[in-house]
Amino acid sequence: MKVSIAGASGYAGGELLRLLLGHPDVEVQQVTAESSAGRFVHSVHPNLRGATGLKFVPMDDLEPCDLLFLGLPHGMAMERIDDVARLAPRLIDLSADFRLRDAAAYPRWYEHEHPHPEWLAKFVYGIPELHREEIRATSYATGAGCNATVTILGLKPLFERGLVERAVIEVKVGSSEGGNSPSLASHHPERSGSVRSFAPTGHRHQAEMQQELAFHGQPEIHFSATAIELVRGILLTAHCFLKERVQERDLWGIYREAYGNEPFIRLVRDRRGVYRYPEPKILAGSNFCDIGFEVDPDSNRVVIIAAIDNLMKGAAGNAVQAMNVMCGFDERAGLGFTGLHPI
Amino acid sequence: MKVSIAGASGYAGGELLRLLLGHPDVEVQQVTAESSAGRFVHSVHPNLRGATGLKFVPMDDLEPCDLLFLGLPHGMAMERIDDVARLAPRLIDLSADFRLRDAAAYPRWYEHEHPHPEWLAKFVYGIPELHREEIRATSYATGAGCNATVTILGLKPLFERGLVERAVIEVKVGSSEGGNSPSLASHHPERSGSVRSFAPTGHRHQAEMQQELAFHGQPEIHFSATAIELVRGILLTAHCFLKERVQERDLWGIYREAYGNEPFIRLVRDRRGVYRYPEPKILAGSNFCDIGFEVDPDSNRVVIIAAIDNLMKGAAGNAVQAMNVMCGFDERAGLGFTGLHPI
Amino acid sequence: MAKQVECPECGATVELDDDVISGEIVECPDCAVELEVTSVDPLEVELAPEEDEDWGE
């Protein structure tokens with residue numbers, strides 16, 4: 001199967017290219033980037049030196065292919081969806097342009113109207129653990145926000161069973177979430193070793209969380225994000241206040257039932273050893289979402305802890321997983337890397 | 001004034017020695033350490049090379065002095081308080097041995113009975129911003145837990161005014177909190193770059209928070225701690241659900257009124273620039289506690305953000321500040337360092 | 001006495017030069033918001049339009 005990537009010079013685009021080059025069932029036809037058009041891909045993605053002779057081409061040189069990944073800056077796919085859709089029968093979009101079912105949410109969270117709301121219904125929210133059957137049946141899937149992915153996966157089993165009164169959620173995130181365009185804030189002497197409360201309230205990924213956790217009406221979730229000394233990785237710490245107290249055994253049962261057969265979700269709650277709860281650093285480059293939990297003996301609080309690599313399960317890895325489901329490949333194809341330790 | 005430190009080979013003890021060597025009103029007489037007895041202090045505290053010729057002496061060689069700092073392992077000061085108290089008219093203890101007013105709390109949080117509960121009432125909880133007058137009047141002050149310090153200082157103005165229904169609190173902490181004894185968990189290849197949920201619930205510092213924030217009955221606080229890639233520093237992110245909604249101007253008023261004249265508390269809530277909220281890394285070595293806040297427009301949540309250096313305002317710096325108050329020195333004496341940037 | 005006005009954002013007292021003119025932009029010492037002097041007599045300020053810096057992740 002021939003695939004191309006529109007917008008492959010970003011971190012997520014580069015990660016996607018790395019995965020696709022190693023995927024048994026696909027061949028990468030073209031990768032586009034405007035500013036680096038004509039250059040070898042390894043000029044931007046040094047880890048791919050020798051892996052391919054591909055060069056970036058401008059968007060306008062894109063030829064038809066079997067499946068087109070969209071890694072364009074926010075707002076661009078929205079604008080050009082009709083011409084882009086003529087290039088391939090199947091599209092997987094990594095941007096936020098088609099994530100929200102409700103067009104009215106875009107002005108609120110992304111500050112502009114959605115130019116093609118009719119397309120919103122065609123795109124399936126492309127996290128297989130949430131919508132596997134719908135992805136199998138669709139030709140259009142959208143990736144999710146990385147913070148939203150780890151939050152939704154971590155909390156879905158509890159919200160689905162209507163157990164949660166409210167959740168107070170914090171994610172600790174790495175610098176690669178901000179993309180590869182530099183600013184004073186991302187300048188190494190300022191960013192190194194910082195613990196930066198960049199979104200104490202009101203992060204735009206909340207819109208997806210509200211959408212995907214609304215099993216029993218609007219979920220009451222309070223969200224915060226703090227950037228720490230990390231390049232890849234997100235750690236979710238979600239304080240869930242349950243309607244009734246549970247024991248840890250109950251949580252094991254709930255999460256096994258929800259995710260026991262999932263290829264990319266691991267339950268991590270060890271009583272001994274150094275890695276007792278999910279740890280993002282050992283997931284770097286892998287497609288895993290590790291989930292753990294602890295019951296607060298003194299209250300109705302349960303702390304859900306989850307970790308992903310924001311560029312993998314939070315972006316490129318999930319896109320490949322969605323492709324595998326959509327095209328009938330083995331869901332694990334191209335996603336076998338288990339992460340490194342020590343790292 | 002002659003001071004000595006019993007237990008000066010730990011990180012907090014070393015930091016205390018650094019401050020006392022630079023303090024205009026005191027002279028360091030002796031510093032004790034059992035394992036390093038007879039060695040120069042800079043063998044353990046390399047930053048003090050050339051600052052002093054002092055060598056560690058065993059505890060038994062301690063001679064009387066005007067004020068004795070106790071930096072002993074938990075449980076030791078408790079045991080030997082009567083002999084230790086004969087060495088100096090004034091004591092400042094950095095350990096947890098005399099922090100809790102209620103002796104019954106010790107079995108619960110520190111797993112053993114308190115051998116000398118009668119001393120608990122003599123020790124004042126030695127954070128000047130909380131108990132300045134009592135410290136001025138006492139001869140015995142105890143330092144606070146570092147996580148408790150940043151939490152209590154960050155939240156006191158709200159709890160004092162009875163504004164808070166409940167608070168969900170997380171601290172991101174550095175590795176120096178764990179002290180200088182190595183383990184597999186603190187072994188660099190395992191600890192570097194980790195985001196470790198080492199205490200999702202039930203951290204022992206909660207006992208002090210309950211004690212010091214109980215202005216209107218038992219405060220409802222839920223606490224979690226996550227260790228991140230950092231050596232010194234704590235960032236508090238406290239989600240406070242208020243009984244009634246407030247505006248940011250109100251918070252400014254409340255915190256100015258509470259801390260406007262404090263020499264070591266700075267309010268940090270900038271609308272522009274890179275450092276808009278408290279940032280622990282720029283506080284390393286300084287005695288500041290920076291506090292900021294953000295009002296969640298969508299709920300009754302207010303996020304309080306605060307930062308300290310766990311070895312300074314969270315331990316040694318606060319001990320020197322308490323000494324200054326207790327002995328009538330300028331409260332800022334020996335604590336003028338403003339921290340570094342960039343770092 | 002230097003001219004003073006209250007910051008509309010955080011309530012801090014903002015000191016202004018004696019020769020401050022209408023339209024001048026001053027920064028609040030406490031919350032760093034930019035204030036535009038909209039009138040000199042009586043002295044009034046308003047929040048200046050905030051341009052959105054690229055800041056967080």
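**A:Glu15 touches A:Arg232, A:Gly285, A:Asp309, A:Leu311, A:Met312 and A:Ala316, leaving aside residues up to four places away in sequence.** Contact here means heavy atoms within 4.5 Å. Welcome to a predicted model, in which local features need pLDDT of at least 70 and side-chain atom pairs count only at pLDDT 80 or more, while totals for chains, interfaces and linings use all residues. Residues are numbered from 1 along each chain as its sequence is written, chains are lettered from A and ligands numbered from 1 in the order in which they are written, and side-chain values use heavy atoms, with hydrogens and water left out. A:Glu15 belongs to helix H1 (residues 11–21) of chain A; helices (H or I, at least four residues) and strands (E, at least two) are DSSP runs, numbered from the N terminus. With a relative accessibility of 3%, A:Glu15 counts as buried. Buried stands for under 20% relative accessible area, exposed for over 50%, and partly exposed for what lies in between (1.4 Å probe, protein chains only).

**A:Glu27 and A:Lys2 form a salt bridge, their closest N and O atoms 3.1 Å apart.** The term salt bridge covers a side-chain nitrogen of Lys or Arg within 4 Å of a carboxyl oxygen of Asp or Glu. This pair links distant parts of the chain: A:Glu27 is in strand E2 (residues 27–32) of chain A and A:Lys2 is in strand E1 (residues 2–6) of chain A, 25 residues apart. Both ends count as partly exposed, A:Glu27 at 47% relative accessibility and A:Lys2 at 34%.

**A:Glu248 and A:Arg269 meet through their side chains in a salt bridge (2.5 Å, N to O).** A:Glu248 is in helix H8 (residues 248–259) of chain A and A:Arg269 in the loop between strand E12 (265–267) and strand E13 (289–295) of chain A, so parts 21 residues apart in sequence are tied together. A:Glu248 counts as buried at 13% relative accessibility, and A:Arg269 is buried with a relative accessible area of 9%.

**A:Arg266 and A:Asp290 make a salt bridge with their side chains (2.8 Å, N to O).** Here strand E12 of chain A, which holds A:Arg266, is tied to strand E13 of chain A, which holds A:Asp290, and the parts are 24 residues apart in sequence. Is A:Asp290 buried or exposed? A:Asp290 is buried, with a relative accessible area of 2%, whereas A:Arg266 is partly exposed, at 30%.

**Chain B and chain A meet in a contact that takes 48 residues from chain B and 48 residues from chain A.** Together they bury about 3,800 Å², 56% of it on carbon and sulfur atoms; buried area is the accessible area (1.4 Å probe) that two parts lose on being put together, summed over both. B:Val195, B:Thr201 and B:Val274 supply 16% of the area that chain B buries against chain A, more than any other three residues. How many salt bridges are there between chain B and chain A? The count is four, and A:Lys172 and B:Glu170 meet in a salt bridge at 2.5 Å, N to O.

**Chain B can be laid on chain A by a turn of 180 degrees and a shift of 0.0 Å along the axis, with an RMSD of 0.0 Å.** This is the relation of a two-fold axis. The copies are superposed by least squares on the C-alpha atoms of residues with pLDDT of at least 70 in both. Among the residues of chain B, B:Glu229 comes closest to the rotation axis, at 2.9 Å (C-alpha). The same surface serves both copies, as 100% of the contact residues of chain B recur in chain A.

**Chain C meets chain B in a contact of 16 residues from chain C and twelve residues from chain B.** These two chains bury about 1,300 Å² between them, 40% of it on carbon and sulfur atoms. Five salt bridges are counted between chain C and chain B. In one salt bridge, B:Arg249 pairs with C:Glu6, the closest N and O atoms being 2.8 Å apart. A network of salt bridges also links B:Glu248, B:Arg269, B:Arg271, B:Glu294 and C:Glu9. Chain C itself has zero helices and five strands, and 39% of its 57 residues count as buried.
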